Amino acid sequence: MSHRHHRSTRRKVLSYVLLVAFALVFLAPFLLQLANSLKTDGNATANELSLVPHPVSLAGWQQVLGIGSAAGVADFPRWLMNSLVVSLLITVGRVFLDSLAGYALARLHFRGRRLVFGLVVATLMVPSVTLLIPQFLIIKQLGIFNSYPGMILPMLIDATGIYLMRQFFLQVPVALEEAARIDGAGTFTTYWRVVLPMVRPGLITLTILSFQAAWNQYAFFLVATVSPQYFTLTTGLANIVDGGLSAGNQFPLKLAAAMLTTVPVAVLFFVFQRYLRASRFDAAVKG
Amino acid sequence: MTTLPGPDPDLLAGTAAGARRSRRHRLGRRLVGRGRGNGATAGQNVGGWLFVSPALGILMVFLVVPICLAIYVSFTDWSGVTSPFASTVHGVGFSNYASLLTQPGLSQQLFGTSLRDNLYYVLFVVPLQTALALWLAVVVNNRFLRGRGLFRLAFYFPSVTSSVAITTVFIFLFQGSGAVNKVLRVFGITGPNWLYDSRGIFSVALNNLGVHNPPAWSGHLFLGISLWQWLAGPSFGMCVLIILATWTTSGTFMLLFLAALQGVSPEVEEASEIDGASSWQRFRHVTLPMLRPALVLVLTLGFIGTWQVFDQVTLVGPYNQTTYTPAYLSYYVSFQDNQFGQGAAIAFLLFALIVIVTLIQRRLVKEDLTQ
C-alpha cells in the first residue's frame, strides 16, 4: 500500500514539473517580450535571453506612448486612437444589429424568415480571407476606400454574431413576451425592455468577441486603407515591422508596440472569462 | 451548472443532418406559434423585416454583391486603378484560371509553391494543435491539480492576442542569432537562420543522410513544381509559422476539450479506475470516445482555419518566399502586382478548396453519426 502511495506521489510531482515547464514555455515569449522592450537597442540584439534589462531603457515605451520625442514615422498615439474608435463603433454596431436580427430570426414570424436564416448560415461558411478582394472592390466602387466609413461599415455585421444571438433568444421563455404583448407593448419595446435584459450573458459574449475581432483585425484594414493617417495599431505595427522604420532593428520599440496592441484585449478577456467559457464553449460542445 | 445557448455544434461542424434537424425544429415552432398568436402575425411581418433589414442590407452590400463582382473580375484583366467596368478593362475568359492550373509558367509555379507550403502547414499544425490541446485539457482537468485556473490562463493567453503583435515577437525570437538559437546552442545544436532559410526540412534531412541527387522520377512537374520540390517538406521559415500557430491555437481548443470533459462524469472514471484500468487505458477507452464530438469540431475548425493563414505571412513573407500561402499570394498578386483578375482567381480557387475540404469533412461526420 505504502509503496503504491509512494509511486503516485512521485508521479504527481513529475506531472506538476512537466506542467509548470509547459506553462513557462507558453509564457516565455511574453516574458522575453516585456524584458526586451525595456532594453536598449543594442542590448536587445545582443542579450535577448536576459530577463532583467540592464541598463533599463524606456526609450521604446516613451515613443510608443508618445512621451517626449516627436511622433516621426510612427505616430502611435494616433494609431491607438484609431484602433479604439473604430473598434468601439464596430462593437456597438455589431451588438445592436446582430441582436436585432438574431431576435427576429428566433422569435418573429415574418414571411421569408427561412430564406434570411439560410443566407446567414451560408455566409457563416464563407472563408474570410477570400473576401479581401471583393471587399476592396465594393468600398472602392462606393467611394469609401481609404476612409473611416470604409473601415467600419463592412465590419458592422457578422453572421456568427447573428447566429449566436439567435441561439440565446431561443432559450428565453415565450410566455414573457406574450405577457408584455398583452400589456400592449410593441415589438421593439418587447425586445428592448423585456427580452434583451434576459440575454445578458449573450450580449457580453458578443461584445467581447466583436471588440476582439475589430481590435485584432489586420487583413481587412490592410486592403481598406492606404494612408498612414488611418493606421490602427495592427496595420501600423505591421508597417514598421516590415521595414517602415529608417534605422536598425529597433526591437525594443517594436516589442513595446506589440505589447500595447496585446494588453487591452487580454485584460478584457480575463475580466469576463467566466461568461465566455460558459457560453461559447460549453454550448458549442454540448449543444 | 446552467446550460447556456451557443453555436449549434452540428452546424459548426457543418453537418447536413444538423441543418435538417434545426429546420424541422423551427417548422414545429412555427406551427405552434400560429396556433397561439393570430393577431400578431401582421405586426410581426413588418417588425421582423424591420429588425433584419439593417443586417441583411449590410450582408448584401458588403458580402453577396462583392463576391459577385469579384467573380466577374476574375474573368478580366482589371488592374485595380479604374472602375472594373471601364472600357479599358478586357474580358479574358478563363485565362486567369488556366495560367494557374494548366499553363506552365511563373504564375503556376508560384501558385503550386504556395499550395505546397500551405499543405505542409495544414499537415503539421492540425495534428500538433489537436494533440497538444487534448493533452493540456486532460491534464488541466485533473481534479487533484492545484492552480488549475492559473494553468488554464497560461495556456489560453496566446490565443487572445493579435496575430500581428505575436508575429512581431516571433520574428524577434527567431532571428539568426536570436533567443531560440541561443537556447538551442545550450544543447549543442546550431540552429538555422530560420526566417531566411527556404530549404525544406525533409530535403535537409535527406542531405544529411547523404542523398544529394534527386531520383529521376521526382523531376516530374505538378502545378509548375517538381515532385522533388513537393516532397521537400516545409521550409525553416514555414516551421516558424507552424510553431506560432500551434502555440496560439492550442489554448482555444484546450478550452473546447475542457468544456467537453465536464460532461464526462467522475463516476465513470472512478469505476474504471477501480476496475484496475491504467490511466492510458482509461483515456483510450473511456475519455476519448466521449470527446469524439469535440474532436470532430476541433479538426473541422483546424482544417478550415489553417487553409486561411494570412496575417502572419504578410510579416514573414518578405524574408522568405516559401512561406507564401494561396491567401497571401492572392493579396500579393492583386495589391502589389496590380493583377486583380489573377488575384481574384486565386481567391476563388482557395474558396473552392476550402469548400471541398468542408464537404469531405461533412461526409465523414455523417458516416460517423450513422455508425
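Contact here means heavy atoms within 4.5 Å. The model is predicted, so local features need pLDDT of at least 70 and side-chain atom pairs count only at pLDDT 80 or more, while totals for chains, interfaces and linings use all residues. Residues are numbered from 1 along each chain as its sequence is written, chains are lettered from A and ligands numbered from 1 in the order in which they are written, and side-chain values use heavy atoms, without hydrogens and water.

A:Phe169 and B:Phe155 have the most contacts inside the largest nonpolar core, which has 182 residues. Such a core is a set of buried Ala, Val, Leu, Ile, Met, Phe, Trp, Tyr and Cys residues joined through side-chain atoms within 4.5 Å. Buried means under 20% relative accessible area (1.4 Å probe, protein chains only). Helix 11 of chain B (residues 236–261) gives the most to this core, with 17 residues. Helices are DSSP runs of H or I with at least four residues, numbered from the N terminus.

Chain A has 15 helices and zero strands. Of its 287 residues, 52% count as buried.

The contact between the chains takes 112 residues from chain A and 110 residues from chain B. About 9900 Å² is buried between chain A and chain B, and carbon and sulfur atoms give 76% of that area. Buried area is the accessible area (1.4 Å probe) that two parts lose on being put together, summed over both. On the chain A side, A:Leu19, A:Phe26 and A:Ile133 lose the most area to chain B. One salt bridge is counted between the two chains. In this salt bridge, the side chains of B:Lys182 and A:Glu48 meet at 2.5 Å, N to O. The cut-off is a side-chain nitrogen of Lys or Arg within 4 Å of a carboxyl oxygen of Asp or Glu.

Methods
Helices (H or I, at least four residues) and strands (E, at least two) are DSSP runs, numbered from the N terminus. Buried means under 20% relative accessible area, exposed over 50%, partly exposed in between (1.4 Å probe, protein chains only).
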